[in-house]
Each structure stands twice: as structure tokens, then as C-alpha cells.
Amino acid sequence: MSHDKVICKKCILHSRVPEVMIGDSGLCVFCEIGNQITTEIVKQNAVSLEKRMLDIFANVKKQRHSFDVLVYFSGGKDSTYALNLMKNKYNMNVLAYSMIQPFVTDVAQHNMEQIVKKLDVPAIKYFIPEAVFKKVMAYSLLHGHKYGLTEWVGCQICGFFTKWVGVKIAMSLGIPLVIDGMDSAQGGYGVINEGEQVKQRIRNGQKPFGKVHDLIGDALGEEYKGSIYDFNQEEILNSRYPTAMSPLCFVEYDPTFSFSNLEEMGISFKQFKSLNTNCELLYLLDYISMCRYDCDSYIKLYASGLRNNYDTIEQLELDQSAHKKQLTREEMIKLLDEYRDVLFYVIDNDLDEQSFNDFHQNKMLELAGLSQNMFGKETVGKLLSRVLKMKGQAAYLGIDLKSIPREFIDVSATKQDVTQIY
Ligand SMILES: [Zn+2]
């Protein structure tokens, strides 16, 4: 494959991004597919999934369970919305479940507590031990591409821990359903994975998370055989595997509406305005992805937002008066280029909070000209202070960021090899 960078004419995906091919039309494969799917098809699909979901809910409520549904709860706006929906619209007996890895911010943890109190739902937190997190994260960042993991490898690994431990908890508590807060920008047109079908696929040799189970086994070694992280076919086949779905992909969901909805519940919009993410590790993950694929971890999410006219995460940080328009394709491409230049500058100059000075600050602000124009000096300044943590985080994980070559690699595995859906 040639590594000449060809950018899709319609969105921001380019030929160095894993799974992206640019056809003769100049469009990427995602835009091509998008062109074939009409709003009518999307609507029909959503209607039929919603009907199936309601049938499943009715069925579950007829039976007696400790809880009807386990909701993956990150403390962010989407999972809060999903939790509220399950409890208050569908009257489900919910259990909120959160995975706390070492880089979940204090703000995110505080939000979780406030929200479960406000919603008055039972909640559990699973704190993943640092030893496990470090081992798997470091191994995945260095070798994940050999298992078919792509530009968002770090988030895929956290997603795996979240969902897999959630499935194991659901199985052991006899909870028949698990749901997450992915919306259609993240999760596409939505699926319902019935537990019995997942088990049938396991009998046919297809593990729920594909090669990620192999990666986890290799990263953790013999010591963790039989642990909660392990895939044990017999254990799964002898249990009731929960049915999984992402209802926000197919029920009516307006992400901006969810803010006002949360305000009504007394949950401040302001707490979701913190810079983009619940995870502080994102900049380091983005750096590695920039080295390997010349894109950040969430380029497909941004591209999908552009394609479907959704707001991007950055825009939702702006206050509503400043929040006038969607970013254009050209602006997004430029912003991501600036972001890459800033990340590379930090690593090339070995910067951290101690070594950073005014000279560096000015240089970095210069690199991020459009970002400053669009988001203001203060927001960009906050971002700059966060990227300085990369050096310490790399040391924590035992990774030498300078040893990661800036040459583009092909990810050979296909989507089917790394199923991110249960
Ligand atoms: Zn495209």
C-alpha cells in the first residue's frame, strides 16, 4: 500500500488512517457507505430496533432479576442520558456500573457520584488495579496493531476492560441486559446483540471481542488465567450471557437536548464543559496515533460528525453564545495538523511541566494559530498544559515515546477480527 496521504474529498479521513481506503471517486469508504444509506433506511432500522428493544424490556420485566439492566456509566453526558432514560422513561431496575482506571479524572469521578445521587440509582465502581492497567496498556500501545487494533487502541483497551468486566459482573449477578451510552456518531446505526447469539458465535469459535482476548492473554500471562479479565469458554457457555445494546443509536436522541434535560434534573451543564474527555491519557494516545497513522484517536468520530452535521466534542466546550457553527472540513483538517505539530514539539523538546518556559509557550501558541482564533487563548492554554503530562505518563507506563518511529504502518486485521461489540 502506498503511504501517500490522500484526503477524502468529503470528510477528513485520509489514506493513512487504518481501514480507510480512498476510491476513484475521491471519497473514503465511510462516505461511500454513507451515500448509499438513505435517511429512510436509517429510520426504518431505528424503528425496528426500538421495537425489538421494547419487546426485550417487556420480557425482562416479567422475570425477576436482581437488576433488569447494567448501564455502563462514565459520568459523561451520553451515559448519564442513557441512565436517566432507562430509569425514568422505561422504568427499568438499573444498576450503574463504572470502570475506574488510573487516568479517570477527579472531575469525572465527582460527576459520577453527583449524578447517581441525583438520579437515585444504585451504582458500583470497579477500580482496575494499576498493575493490570499498566501491563495491558503498555503492551497494547506497543503491539496492539499486530492484533488489529487501530488508531484508537488505548481507548479500545479501556473499552474492552469496561465492557468485559461489566459482562462478567452482569453474568455473576444474573443481570440479563447491559447497555451503553454510545450514540450513532460513535456506534453507527446500532445493534442488539442477544446473549444467546453471542454464545452461538462462541461455539463457532468467534470470541466476543475477537483478538483483543488474545492480546489480554499475552499481555497478562499465565498469572491471570481464570481471572475476571480472562476468556474462559466453558464459564461463558455455562452462564447466561447478557444481551447488549446501544439504545442512543436508535432511539430519538439529541445530544444538545440532553444538556437541557440534565439541567432540569439539577445537574449543571458546566460540569460537562471541561476539556473534551474523562481521561487524561488521551494526549499520549493521540501522540502515538499521530506517529503511526498521522491522525488522532478520534478522527473517525470527528469525520462522522462532519458527515452527519453533529457537533464535535470541541464545540460543545464552548459556551453556547460562541457555539454558532459546525467546524468546516478545512478547519478540522487544519486543527488536527496543529494538534499534531504541538504534540510532536512537546516530545521533540522533551518538555514537561518543569522544563516548560515562556519561550516554549509562545512557540506552541504559534503552532496552534487557528485553534487560538477559534477557541480562544485560554482554552488552548489549558490544552497546552495538559499535553505536558505526556512525558510523566510515558514514564508511568514504562514506554519510551522517542522509540516509536514516525513511519506509517498498515493494520492488517479487518474489523471482523476485532469485534468491539460484545
Ligand atoms: Zn470521507
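In the predicted model, helix α2 covers residues 39-62, and at 1.5 Å a residue its 24 residues should span 34 Å. The end C-alpha atoms of α2 are 35 Å apart, which agrees with that expectation. The number of buried residues among the 24 of α2 is two, so this helix lies largely in the open.

The secondary structure of the chain as a whole comes to 18 helices and six strands. Of the 422 residues in the chain, 38% are buried. Among contacts with a separation of 6 or more, 77% join residues 24 or more positions apart.

The largest nonpolar core contains 101 residues, and the members that touch the most others in it are Leu13, Val69, Val71 and Val94. Residues are given to this core by both domain 1 (39-252) and domain 2 (275-403), so the core lies between the two domains. Apart from residues up to four places away in sequence, Val71 touches Ser79, Ala82, Leu83, Met86, Val94, Ala96, Tyr97 and Ile179.

Two packed helices are described by the angle between their axes and the distance between the axes. For helix α12 (residues 282-293) and helix α15 (residues 329-348), the packing angle is about 100° and the axes are 10 Å apart. Because angles of 65 to 115 degrees count as roughly perpendicular, α12 is placed in that class relative to α15. On the α12 side the contact is made by Tyr283, Asp286, Tyr287 and Met290, and on the α15 side by Arg340, Leu343 and Ile347.

The loop between α12 and α13 (299-308) holds Ser297. With 23 C-beta neighbours inside 10 Å, Ser297 counts as buried, since the cut-off for burial is 20 or more. Ser297 and Cys155 are 142 residues apart in sequence, yet their C-alpha atoms are 8.0 Å apart in space. Cys155 is also in contact with Ser297, as are Glu151, Trp152 and Gly154. Further contacts of Ser297, again leaving out residues up to four places away in sequence, are Leu282, Leu285, Asp286 and Ser289. Asp286 takes part in the contact between α12 and α15 as well.

The segment before α1 (29-36) includes Leu27. Leu27 has 19 C-beta neighbours inside 10 Å and therefore counts as partly exposed. His14 is 13 residues from Leu27 along the chain, and the C-alpha atoms of the two are separated by 9.4 Å. Neighbours within four places in sequence aside, Leu27 is in contact with Cys8, Lys9, Lys10 and Glu32.

Backbone angles were also considered. Most residues other than glycine have a negative phi. Glu19, in the segment before α1, has a positive phi near 70° although it is not a glycine. Its 16 C-beta neighbours inside 10 Å make Glu19 partly exposed. A positive phi, of about 55°, is likewise found at Asp120, which is not a glycine. Asp120 is located in the loop between α4 (106-119) and β3 (123-127). With 7 C-beta neighbours inside 10 Å, Asp120 counts as exposed.

How values were computed. Residues are numbered from 1 along each chain as its sequence is written. This is a predicted model: local features need pLDDT of at least 70, side-chain atom pairs count only at pLDDT 80 or more; totals for chains, interfaces and linings use all residues. Helices (H or I, at least four residues) and strands (E, at least two) are DSSP runs, numbered from the N terminus. The expected span of a helix is 1.5 Å times one less than its number of residues. A residue is buried if 20 or more other C-beta atoms lie within 10 Å of its own, exposed if 12 or fewer, and partly exposed in between; C-beta atoms are placed from the backbone. A nonpolar core is a set of buried Ala, Val, Leu, Ile, Met, Phe, Trp, Tyr and Cys residues joined through C-beta atoms within 7 Å. Domain bounds come from an automatic or database domain assignment. Two residues are in contact if their C-beta atoms, placed from the backbone, lie within 7 Å. Axes are lines fitted to C-alpha atoms, for helices over the stretch in contact, and angles run from 0 to 180 degrees between N-to-C directions. Angles under 35 degrees count as roughly parallel, over 145 as roughly antiparallel, 65 to 115 as roughly perpendicular and the rest as oblique.
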